[in-house]
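Trainee: I am new to this structure and would like to go through it step by step. Could you take my questions in turn?

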There are 2 protein chains.
Amino acid sequence: MEEISKTPLTELGEFGLIDRLMKDVKIKEKSTIKGTGDDAAVINNGIFHTLVTTDLLAEGVHFDITYTPLKHLGYKAVVVNLSDVAAMNAMPKQITVSIAVSSRYTVEALEELYKGIKLACDNYGVDFVGGDTTTSRSGLIISVTAIGQAMAEDIVYRNGAKENDLICVSGTLGAAYAGLLVLEREKKAFKESQGAQPDLESYDYILERQLKPEPRLDVIKALAHLKVKPSAMMDVSDGLASEIMHITRNSQTGAEIFEDKLPIDHQTGDVAKEMKLDPTTLAMNGGEDYELLFTVSQEDYEKIKDNPAFAIIGYIKEKNAGVNLIARDGSSNPIQAQGWDALNKK
Amino acid sequence: MEEISKTPLTELGEFGLIDRLMKDVKIKEKSTIKGTGDDAAVINNGIFHTLVTTDLLAEGVHFDITYTPLKHLGYKAVVVNLSDVAAMNAMPKQITVSIAVSSRYTVEALEELYKGIKLACDNYGVDFVGGDTTTSRSGLIISVTAIGQAMAEDIVYRNGAKENDLICVSGTLGAAYAGLLVLEREKKAFKESQGAQPDLESYDYILERQLKPEPRLDVIKALAHLKVKPSAMMDVSDGLASEIMHITRNSQTGAEIFEDKLPIDHQTGDVAKEMKLDPTTLAMNGGEDYELLFTVSQEDYEKIKDNPAFAIIGYIKEKNAGVNLIARDGSSNPIQAQGWDALNKK
């Protein structure tokens, strides 16, 4: 077949590439409630709906094996998918795991990886129901698919946010990226010093956030307990800035987020200071937090205002108001997604 | 973590490795009807059951980009998964596709790949509902998950074969492997001759079987139309010898297969002759046929005996009889799985 033009992958970015590749994909099968464009696909199975989501982690792109224990890697590969099911306000029930692995990995190394996979399954009551195992020419690729279950009326999409809804986020933001910065710094120091042990003691929280994130299924349960159904929800994997753009674009709204309301842990603040970075930048663009970003009606304010699990960080506005970060000085700054792009990372 | 022993992956083989990695995986979630060990996992969703299966194809292991058109590759990556759903006597409804791709691939190349993926979806009425797209350090990895739907009572597992059941197979066997042998031979000839065009005209059928296999959803429909529910079924991806061992092991039976009943196309026979191979070996161990191997009760004999879509190739025997190939001379030879092993292929 003749190839007329040759566009490098990096030219489009991940979302641009997906848009182009998927541009004429149409949903025809009547059981498909939702295809691409949310945290998970939604399938009608009569009584329960099935949620399906998949993520692929590639060595040298998503993880660096020099400082990522294989057990943690297996755990994280599962968690990022469970987080996507949670983001639909649903509980994950099953996973499949496929790996492609080069011959420099031993059976014992893969056993470590699978220990982490099984631990995540045990911790979150998820069954490991299938997969595929093969060699690769280079490195390790892990592809996980998570299956969830929910009643139709409980599922929350990205497109339901309404003007004046409260914007909430669970946990803290920016910590996973701060952890990554520390790991990269210590790797460099370790190489330069030819083997000095890294000083990681004061970074326990942010390192755990990077190496062993947890899916916020507890938040889904808490919301159900409070009888709060979010109007829109997604998980924070690419950074708050990127995710709030998804919610507002899908919901046809604007938004205002208050810088002074962003939940930032003191270790994240410390790392930002050491590295001369703005902690707000880490919180907005760091990514890999796997927290839940959701919007709720003002009517639910009383139910959630004192819950330590969530912070209220802003409001949904009408579309023409744009999507803005209100800085500590009161100035309004347009938010641009500068999240992590798997296609541009070297 | 201290690593005591270092076992190379090739030592265990694919099935041995999977057994070891999955050895303490237990099913706990009540919606899981079937985990690993069949063509697909089975999940109870109230009215319908959901089937989930996943396959990962790696460049240099499962496909050679020098003679595999990307559109065909995309098509095949979907088909091998649809075939696994068919093997549960179910219809596939949705797929997700994740790819990891090195920067030597262009956007236009990926568009070709996705054209094949979408064509398979269109041809088989399947929705493309999600996925993930990322870079890899080397080559192309395609991970597809297929979701199917069926009523509980229609699903066919590997473990239901009973003594005296008829063993049937759809289509022909060994052709996809014969096609691969021709492609490998012509690639070598092309290199040695520095560019002579390969002679592929007389191999159209076997090349199509290798490059563009089809899932036998027509067989599933035909069986439903005939009101025949197989007692056991799986698809032929690793070769008949390997698959009959799976069915007999899972069903706790033996089997007798008759060499002279094996459906072998004349082009497969021609290639075997040219390459001084036994056509029976190609049929038994070739793999990638994506035909359906199934067993039916003798009571169904009249319904299937004249159907050109299937061949009756043998009988299920009691376990102690073993699993044997009855040669043309009447001798009985134990069948050993020598199918394709993704971990041993260089």
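This is a predicted model: local features need pLDDT of at least 70, side-chain atom pairs count only at pLDDT 80 or more; totals for chains, interfaces and linings use all residues.

Trainee: Which residue of strand 11 of chain B does Cys168(B) stand opposite?

Mentor: Strands of a sheet pair through backbone hydrogen bonds, either parallel or antiparallel. Here strand 7 and strand 11 of chain B take the antiparallel sense, and within strand 11 of chain B the residue that stands opposite Cys168(B) is Ile312(B).

Trainee: How many bridges pair strand 9 of chain B with strand 11 of chain B, and in which sense?

Mentor: One point of this pairing can be found at Ala255(B), which stands opposite Ile316(B) in strand 11 of chain B. Strand 9 covers residues 254-258 and strand 11 covers residues 310-317 of chain B, and the two pair in the antiparallel sense over four bridges.

Trainee: How many of the eight residues of strand 11 of chain B are buried?

Mentor: A residue counts as buried if 20 or more other C-beta atoms lie within 10 Å of its own. By that criterion strand 11 of chain B is mostly covered, and the number of its eight residues that are buried is six.

Trainee: In what order do the seven strands of the open sheet in chain B lie, and which strands stand at the edges?

Mentor: The sheet has mixed pairing, and its order is 8-10-7-11-9-12-13. Each edge strand has a single partner strand, so one side of it is left without a neighbour in the sheet, and in chain B these are strand 8 (232-235) and strand 13 (332-334). From one strand to the next, the twist averages 25°.

Trainee: What radius of gyration does chain A have, and what would a compact globule have?

Mentor: Chain A has 10 helices and 13 strands, and its C-alpha trace spans about 55 × 50 × 50 Å along its principal axes. Of its 346 residues, 54% count as buried. A compact globule with 346 residues would have a radius of gyration near 20 Å, and chain A agrees with this, having 20 Å.

Trainee: What rotation superposes chain A on chain B, and what kind of axis relates the two copies?

Mentor: The rotation is 180°, with 0.0 Å of shift along its axis and an RMSD of 0.0 Å. The two copies are therefore related as by a two-fold rotation axis.

Trainee: What percentage of the interface residues of chain A are also interface residues in chain B?

Mentor: The copies meet through the same surface, because the share of chain A's interface residues that are also interface residues in chain B is 100%.

Methods: Residues are numbered from 1 along each chain as its sequence is written. Chains are lettered from A and ligands numbered from 1 in the order in which they are written. Two strands pair if DSSP finds at least two bridges between them. Axes are lines fitted to C-alpha atoms, for helices over the stretch in contact, and angles run from 0 to 180 degrees between N-to-C directions. A residue is buried if 20 or more other C-beta atoms lie within 10 Å of its own, exposed if 12 or fewer, and partly exposed in between; C-beta atoms are placed from the backbone. Copies are superposed by least squares on the C-alpha atoms of residues with pLDDT of at least 70 in both. Two residues are in contact if their C-beta atoms, placed from the backbone, lie within 7 Å. The radius of gyration is taken over C-alpha atoms; the globule rule is 2.2 Å times the number of residues to the power 0.38.
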